[in-house]
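User: I have a model open and would like to talk through a few of its residues and its ligand with you. Can we start as soon as it is on screen?
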Amino acid sequence: MRKIQIAPSLLASNFLDLESDVKQVVEAKADYLHYDVMDGHFVPNISFGLPIVSAITASFNIVHDVHLMISNPSDYFEAFAKAGAKIITFHYETARDLKNIQSWIKQLHKLGVKAGISIKPQTKVEVLKPLLGTVDLILIMSVEPGFGGQAFLPSAIAKINWLRQELDATKLKTLIEVDGGINLETSKACIDAGVDILVVGSYLFKQKNLAKAIKQLKHE
Ligand code: DX5
Ligand code: ZN
């Protein structure tokens with residue numbers, strides 16, 4: 001039985017009271033903290049970066065999962081590793097070619113962090129086949145990256161399904177994460193398709209009882 005994990009997306013938290021929001025999701029037994037770093041170039045939005053990540057990692061012991069939606073991700077791998085990231089995920093669409101991606105994965109492992117790769121809704125999941133054995137995590141975007149609060153794109157389900165079958169057939173331990181529009185209904189569909197980690201933003205941070213909501217999202 002796969003252990004489902006929940007990664008609250010801090011993009012949906014109250015930035016005027018960030019410490020209290022982080023404390024609440026950590027106490028509510030979140031498994032990861034998901035940081036959406038946007039540069040206003042790869043995606044049409046600017047969010048937050050290194051100072052926020054290092055401030056939180058210095059105070060909270062949890063898996064810090066950094067989602068880089070920036071054009072030159074490898075320029076910042078070392079800085080985010082130093083800032084306390086445990087997983088650094090870059091976008092497939094920002095790399096020149098497969099050789100370039102494999103060198104980035106090596107770079108991340110050399111920095112002692114887990115390497116994740118993400119694909120946008122328009123990118124076919126099959127492009128990841130050559131990377132399944134080297135990357136630690138695959139992040140399927142179920143919304144067009146750049147904003148929280150968007151509707152879930154059902155096309156993500158077939159991608160999760162395909163990945164789950166490929167990974168099970170080859171006995172690989174690569175984790176499957178899904179991001180965007182996750183709520184009670186879409187989380188169930190993603191879990192049935194074979195996902196491991198659910199990123200949850202707007203749905204989670206509007207709940208009164210976070211611990212109950214996190215438990216419910218796991219459908220255990
Ligand atoms: C979007 C981000 C997501 C987003 C999720 O580009 O990568 O992590 O914050 O938020 P919701 O759950 O509100 O779609
Ligand atoms: Zn994200």
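User: Val-66 first: buried or exposed?
Analyst: Val-66 is buried, its relative accessible area being 0%, where buried means under 20% relative accessible area, exposed over 50%, and partly exposed in between, computed with a 1.4 Å probe and the protein chains only. This is a predicted model, in which local features need pLDDT of at least 70, side-chain atom pairs count only at pLDDT 80 or more, and totals for chains, interfaces and linings use all residues. Residues are numbered from 1 along each chain as its sequence is written, chains are lettered from A and ligands numbered from 1 in the order in which they are written, and side-chain values use heavy atoms, with hydrogens and water left out.

User: And which strand is Val-66 in?
Analyst: Val-66 belongs to strand β3; helices (H or I, at least four residues) and strands (E, at least two) are DSSP runs, numbered from the N terminus.

User: OK, the ligand now. Which residues are closest to ligand 1?
Analyst: Ligand 1 is surrounded by 20 residues, and the closest are Asp-36, Gly-146, Asp-179, Gly-201 and Ser-202; a residue is near a molecule or strand if one of its heavy atoms lies within 4 Å of it.

User: What is the make-up of that shell around ligand 1?
Analyst: The shell residues divide into 8 nonpolar, 10 polar and 2 charged, where Ala, Val, Leu, Ile, Met, Phe, Trp, Tyr, Cys and Pro count as nonpolar, Asp, Glu, Lys and Arg as charged, and the others, Gly among them, as polar.

User: Which strands supply at least two residues of it?
Analyst: Strands β2 (32–38), β3 (63–69) and β8 (197–200) each supply at least two residues of the shell around ligand 1, and β2 gives the most, with 3 residues.

User: What lies within reach of the oxygen atoms of ligand 1?
Analyst: A backbone N or O atom of Gly-146 is 2.8 Å from an oxygen atom of ligand 1, and a backbone N or O atom of Gly-201 is likewise 2.8 Å from an oxygen atom of the ligand. A polar side-chain atom of His-34 lies 3.5 Å from an oxygen atom of ligand 1. A polar contact here is a pair of N or O atoms within 3.5 Å; within protein, one must be able to donate a hydrogen and the other to accept it, and residues adjacent in sequence count only if both atoms are side-chain atoms.

User: Which pocket does ligand 1 sit in?
Analyst: Ligand 1 sits in the largest pocket.

User: Switching to loops: where is Ser-142, and what does its side chain reach?
Analyst: Ser-142 is found in the loop between β6 (137–141) and α5, and its side chain reaches the backbone oxygen of Gly-180 at 2.7 Å. Ser-142 counts as buried because its relative accessible area is 0%.

User: What about Asp-97: which backbone nitrogens does its side chain meet?
Analyst: The side chain of Asp-97 reaches the backbone nitrogen of Lys-99 at 3.2 Å, and a polar atom of that side chain lies 2.7 Å from the backbone nitrogen of Asn-100. Asp-97 is in the loop between β4 and α4 (98–110), and at a relative accessible area of 38% Asp-97 is partly exposed.

User: Last two: where are Ile-88 and Gln-216?
Analyst: Ile-88 is in strand β4 (residues 87–91) and is buried at 0% relative accessibility; Ile-88 and Asp-136 are 48 residues apart in sequence, yet 9.9 Å apart in space, C-alpha to C-alpha. Gln-216 is in helix α8 (residues 210–217) and is partly exposed at a relative accessible area of 34%, while Gln-216 and Leu-184 are 32 residues apart in sequence and 7.2 Å apart in space, C-alpha to C-alpha.

Note on methods: 1 Å grid on protein atoms, 1.4 Å probe; cavity = no way out; pocket = protein on both sides within 12 Å on 5 of 7 lines; lining within 4 Å. Sits in = over half its atoms within 2 Å of the grid points.
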